[in-house]
Amino acid sequence: MIKIALILALAVAVFGYGHEHHDYHSHPSYKFEYGVKDPHTGDHKSQWEHRDGDVVKGAYTLDEADGTKRVVEYSSDKHNGFQAHVKRVGHADYPAVYGHHEAGHSYGHGHASSYAKLNQHH
């Protein structure tokens with residue numbers, strides 16, 4: 001519930017609310033950041049991004065399942081295009097035995113899905 005409220009608040013702050021008139025020749029500028037640290041699920045991630053005109057800079061981090069942390073720093077402008085630098089911090093920790101088979105069932109291989117949706121009103 002908190003994640004949905006945060007995403008909605010961010011969308012309203014960045015894109016506005018309702019059907020407002022947009023000046024497409026204006027100088028776009030925004031800053032945002034967010035973070036999640038859920039001890040129950042182990043979901044730890046954060047992101048920040050700044051835009052000033054055609055220059056965008058940002059970074060995000062997330063804890064990987066193997067115990068490492070992924071750090072992505074990115075930038076984009078009209079001269080260099082989009083560039084991302086990905087780092088892996090820490091040492092991967094793998095279990096000695098992966099998965100467990102019992103009575104025809106396979107455990108240890110889960111299923112996950114994700115989605116992203118962005119509605120922009122003009």
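Two aromatic pairs are present in the structure; rings of Phe, Tyr and Trp (its six-membered ring) pair if their centres lie within 6.5 Å, and planes under 30 degrees apart count as stacked, over 60 as edge-to-face and the rest as tilted. Tyr30 and Phe32 make up a stacked pair, with 6.2 Å from centre to centre and 20° between the planes. Tyr30 is partly exposed at a relative accessible area of 22%, whereas Phe32 is buried at 15%. Here buried means under 20% relative accessible area, exposed over 50%, and partly exposed in between (1.4 Å probe, protein chains only).

The model is predicted: local features need pLDDT of at least 70 and side-chain atom pairs count only at pLDDT 80 or more, while totals for chains, interfaces and linings use all residues. Residues are numbered from 1 along each chain as its sequence is written, and side-chain values use heavy atoms, with hydrogens and water left out.

Thr61 lies in strand 3 (residues 55-63); helices (H or I, at least four residues) and strands (E, at least two) are DSSP runs, numbered from the N terminus. The side chain of Thr61 reaches that of Ser46 in a polar contact of 2.9 Å, that is, a pair of N or O atoms within 3.5 Å; within protein, one must be able to donate a hydrogen and the other to accept it, and residues adjacent in sequence count only if both atoms are side-chain atoms.

Strand 4 (residues 69-77) and strand 5 (residues 81-89) pair in the antiparallel sense over nine bridges, where pairing requires that DSSP find at least two bridges between two strands. These two strands form a hairpin with three residues between them, and Val72 stands opposite Val86 in strand 5.
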